[in-house]
Amino acid sequence: MDGKVCVLTGATSGIGQETAIALAAQGATLVLVCRDMARGEATVAAIRDRTGSTAVTLRRADLAVQDDIRRVGTELLAACPRIDLLVNNAGIVNLRYETTADGVEAVFATNHLAYFLLTLVLLPRLRESAPSRIVNVASEAHRFGRIDFDDLGHAKRYKTMRVYGASKLANILFTYELARRLAGTGVTVNCVHPGAVATRLGQNNGRIATAMTKLLGVFFKTPAQGAATSVYVATAPELAGVTGQYFASARQKTSSRASHDAATARRLWDVSAELTHAGDLARV
């Protein structure tokens with residue numbers, strides 16, 4: 001990874017931070033997109049302390065806000081003559097229904113639409129930099145999610161893990177559809193399941209939820225173990241040219257039947273383009 005430019009989201013804690021540290025240790029130049037600059041600076045310090053690398057820069061953006069995504073994407077295009085790797089890792093879990101400034105349910109907006117929009121904004125540079133890779137962090141939780149186009153935000157019946165699972169199913173559908181559209185361009189797109197990992201995910205839901213995630217964390221993988229599959233898919237020489245696949249425990253795995261529904265993937269692409277006002281960007 002010497003000299004390769006890698007853009008990561010959600011890198012200020014947990015799996016994302018460990019992914020950033022592992023890539024830095026391999027010589028990558030990192031650009032971290034974060035919402036909290038203080039936590040971003042702490043991550044930069046951790047990368048420096050553990051790897052000696054100073055080739056790390058921060059860009060601030062709230063990935064639940066589409067204007068922020070467009071702004072930071074434009075900044076990245078201006079600042080990075082090449083982008084060799086994009087890791088879409090940022091995600092949230094909510095216990096109750098919330099909407100973003102764009103009027104979209106927050107989990108779907110952050111976990112799926114942010115992947116979709118940031119990727120499309122950066123795609124011209126990824127194409128120019130080919131061979132390049134996109135890694136989308138999904139989850140086995142996709143197996144109990146479904147895409148309801150009549151109620152994408154689950155406003156009628158909000159159940160936390162069903163909503164989260166639907167967002168992760170959307171990640172995989174997006175991955176497979178984008179891989180089909182980018183066939184032959186030299187840009188590969190794959191998704192990963194990191195495993196059950198002790199992270200800060202879900203700790204935005206108050207003291208009880210925070211206490212529960214910390215208690216259950218003793219049974220989970222460490223963030224470094226969870227990051228291993230992302231790092232493998234991002235860097236492994238033997239995966240050059242491999243695209244449109246789902247990985248878990250650093251191995252290809254078959255995702256759910258629903259995730260392979262090409263008609264649903266195409267419709268989700270079109271709906272996502274409408275919700276993000278992606279226009280020409282979505283004509284991939």
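1. The second largest pocket of this predicted model has a volume of about 210 Å³. Its lining consists of 14 residues, and Lys4, Pro131, Ser132, Arg133 and Ala234 are the closest to the pocket centre.

2. Two elements, strand 5 and helix 7 (223–235), each supply at least two residues of the lining of the second largest pocket. By residue type, that lining divides into six nonpolar, five polar and three charged residues.

3. Ala138 sits in the loop between strand 5 (132–137) and helix 5 (160–181). Is Ala138 buried or exposed? Ala138 counts as buried because its relative accessibility is 2%, and the cut-off for buried is under 20%.

4. Contacts of Ala138, not counting residues up to four places away in sequence, are Lys168, Asn171, Ile172, Cys191, Val192, His193 and Pro194. A separation of 9.2 Å is found between the C-alpha atoms of Ala138 and Gly165, which are 27 residues apart along the chain.

5. The largest nonpolar core has 61 residues, and Leu8, Leu30 and Leu32 are those with the most contacts inside it. Helix 4 (residues 106–128) gives the most to this core, with ten residues. Apart from this core lies another, of 13 residues, including Val104, Phe108, Leu152 and Leu169.

6. Which residues does Leu8 touch, not counting residues up to four places away in sequence? Leu8 touches Gly16, Thr19, Ala20 and Leu23, and also Leu30, Val31, Leu32, Val33 and Val87.

Technical notes:
Residues are numbered from 1 along each chain as its sequence is written. This is a predicted model: local features need pLDDT of at least 70, side-chain atom pairs count only at pLDDT 80 or more; totals for chains, interfaces and linings use all residues. Side-chain values use heavy atoms; hydrogens and water are left out. A nonpolar core is a set of buried Ala, Val, Leu, Ile, Met, Phe, Trp, Tyr and Cys residues joined through side-chain atoms within 4.5 Å. Buried means under 20% relative accessible area, exposed over 50%, partly exposed in between (1.4 Å probe, protein chains only). Helices (H or I, at least four residues) and strands (E, at least two) are DSSP runs, numbered from the N terminus. Contact means heavy atoms within 4.5 Å. On a 1 Å grid over the protein atoms alone, a cavity is a set of points where a 1.4 Å probe fits but cannot get out, and a pocket is an open set with protein on both sides within 12 Å along at least five of seven lines; lining residues have an atom within 4 Å of a point. Grid points are joined across faces, edges and corners, and a volume is the space filled by probe spheres set on the points. Ala, Val, Leu, Ile, Met, Phe, Trp, Tyr, Cys and Pro count as nonpolar, Asp, Glu, Lys and Arg as charged, and the others, Gly among them, as polar.
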